[in-house]
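Morning, everyone. Please bring up the sequence and the model, and we will walk through a few helix contacts.

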Amino acid sequence: MISDLINHKIFTLLKVQYSNMLEYRVEIALWAISGIIPFFMLNIWTNNNLNESINISDIMLSRYFLCAFFVRQFSVVWVVFSFEEDSLMGKVSPYLIQPLNPFFRYFAQHLAEQITRFPFAIIIAFFFFIFNPESIWVPNIGILFLSIISTFLSFLIQFLIQSIVACLCFWTEKASSIERLLFIPTLFLSGLLAPVVSFPDYVKSWIYLTPFPYLIDFPANLLSGNAINVSGGLSMQILWILLLFPAFKKIWSEGTKKYTAMGS
Amino acid sequence: MTLRKYFKVYSKFLHTSLASELEYKTNILIDLITAILSLIGSIFLLSIFFQNAGSIRGWDFEQALIIQGIYTILNGITNTWFNPNLTEIVKHVREGTLDFVLLKPIDSQFFISLKKIAPSGFLEIILGFCLLLYCIKINQINLNLSFLTLCFITIICSICILYSLWFFISTTTIWFVKTWNATEVLRSFLYIGRFPLNSFSFSLRIFFSVFIPIAFITTIPSEAFLGLSQLWKILLEVFVAMVFLFTSRKFWVFALKFYSSASS
């Protein structure tokens, strides 16, 4: 009965948000295009033969960056910006009255946006293969399944981190600047611009203890068929989720106690 | 007479927007940390590219740092002036407040482009200058008047091109209403400006000098800094900057003909 209700709620939310997102197709297409930085990086790597020193062939590197592009497309999170706007405009108050945590709404928004984004990402990949026909490959079903899971876990980690930052809106007005701060290590350490194997040893020694390489580098390596420790990576992702989730619940309950609606 | 009026109006703009921005003091501190981390991150990325290669297409690490310095200054200028103002156009068009701007007895482009200022971008500009000074020291560039004027001219031209690009894209809002993602696409393309143009493959080089002249924005000023630049390149940049400024102005006037006010 209860699970039925939850299913119903989630389904309705998704449906509403999906039709909402479909309204903004051009916008989402532009978002997808703005994610093509990995391809420029690939161009620098292969055009100057820099990948020879890290023992990755041109083909493997191009697959890696294509996968990094895909993983990034399906793990982009912007909940803090939506929540900040809603809380400044006082829209959070009606959400709080509803018997549903407002973050479910944002979560459904993100999922719906990913579904809308999917065809655009496929089109970009299609063009990528036209320019790099030698890098075409078909991952086997098992690998594909695992990498979809790990991409989703990566999305969850980022969603939780941003939700925690978003909850800081209850205390400060501009939480998005903290998010911009956190985005810098995500950009440089996650493997979006350079695969983590190419990092110097003094960085590699500690980076695997942080969540960053599990955001893009791990799922992208998994999907592109590079040798990696699958179970280790997945368990680290789950571990981070298990660590972040209670932190989010804590800060959410503290924050809602602190929250005063507009005009009170 | 009119020039004095514009100066007076601009000083008022500065006063009001600084006053409102300084309300968020912790924000500025966070932005400072973000700017520093972002510079460290890009130098880190550059060091990965250079770790096994002495030079990339004739650029040493020390020389490539100059590009980073110039990029940081230009990015600071973008964050201080272009980004806060030109994203505002979207809001003006959507909420119909562009009417009020057009009714004012002052040039609408002037008003829209300079109304706001985000002081946190200053920190980036200062950081960029520090890096440039350091580069001048390690590359043993001797300063003289003609060198300084050349650098000054090229950087001014870069700023003009950058401004025109931003303004161009923001102007398209009048037709498409929601284009803040278009500026995001521009932002991701501008990211290329962190690297010397000749490190890309031939086709991308053509793309980035003809369609989106990112090449002109950072590579030519850096070459001027190193004293490598030929005169024709600098003249070309001046020409391109003038063409861009002129067409962006024309485009704005043209676009305003299609603006049909709110609720009409």
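In which helix of chain B is Glu184(B) found? The answer is helix H9, residues 180-190 of chain B. Keep in mind that this is a predicted model.

Let's stay with that residue. Is Glu184(B) buried, exposed or partly exposed? Count its C-beta neighbours inside 10 Å and you get 18. Buried would take 20 or more, and exposed would take 12 or fewer. So Glu184(B) counts as partly exposed.

What does Glu184(B) touch, leaving aside its neighbours within four places in sequence? It is in contact with Leu30(A), Trp31(A) and Ser34(A). Now look along its own chain. Thr26(B) is 158 residues apart from Glu184(B) in sequence. The C-alpha atoms of these two are separated by 26 Å.

Next, the contact between the chains. Chain A puts in 27 residues, and chain B puts in 31. Which helices of chain A each supply at least two residues to the side that touches chain B? They are H2 (25-33), H3 (37-47) and H9. H9(A) gives the most, with 7 residues. By type, this side of chain A divides into 17 nonpolar, 7 polar and 3 charged residues.

H9(A) also packs within its own chain. Here the partner is H8(A). H8 of chain A covers residues 141-167, and H9 of chain A covers residues 176-189. Their axes come within 9 Å and cross at roughly 150°. The crossing is right-handed. Who meets whom? From H8(A), we have Ile161(A), Gln162(A) and Val165(A). From H9(A), we have Ile178(A), Glu179(A) and Leu182(A). That contact divides into 4 nonpolar residues, 1 polar and 1 charged.

Last stop: H8(A) again, now with H5(A). H5 of chain A runs over residues 79-89. The two axes come within 8 Å and cross at roughly 25°. Angles under 35 degrees count as roughly parallel, so H5(A) is roughly parallel to H8(A). This crossing, too, is right-handed.

On the H5(A) side, the residues are Val79(A), Val80(A), Phe83(A) and Glu84(A). On the H8(A) side, they are Phe159(A), Gln162(A), Ser163(A), Val165(A) and Ala166(A). The tally is 6 nonpolar, 2 polar and 1 charged.

Notes
Residues are numbered from 1 along each chain as its sequence is written. Chains are lettered from A and ligands numbered from 1 in the order in which they are written. This is a predicted model: local features need pLDDT of at least 70, side-chain atom pairs count only at pLDDT 80 or more; totals for chains, interfaces and linings use all residues. Axes are lines fitted to C-alpha atoms, for helices over the stretch in contact, and angles run from 0 to 180 degrees between N-to-C directions. Helices (H or I, at least four residues) and strands (E, at least two) are DSSP runs, numbered from the N terminus. A crossing is left-handed if the near helix is turned anticlockwise from the far one by less than a right angle, and right-handed if clockwise. Two residues are in contact if their C-beta atoms, placed from the backbone, lie within 7 Å. Ala, Val, Leu, Ile, Met, Phe, Trp, Tyr, Cys and Pro count as nonpolar, Asp, Glu, Lys and Arg as charged, and the others, Gly among them, as polar. Angles under 35 degrees count as roughly parallel, over 145 as roughly antiparallel, 65 to 115 as roughly perpendicular and the rest as oblique.
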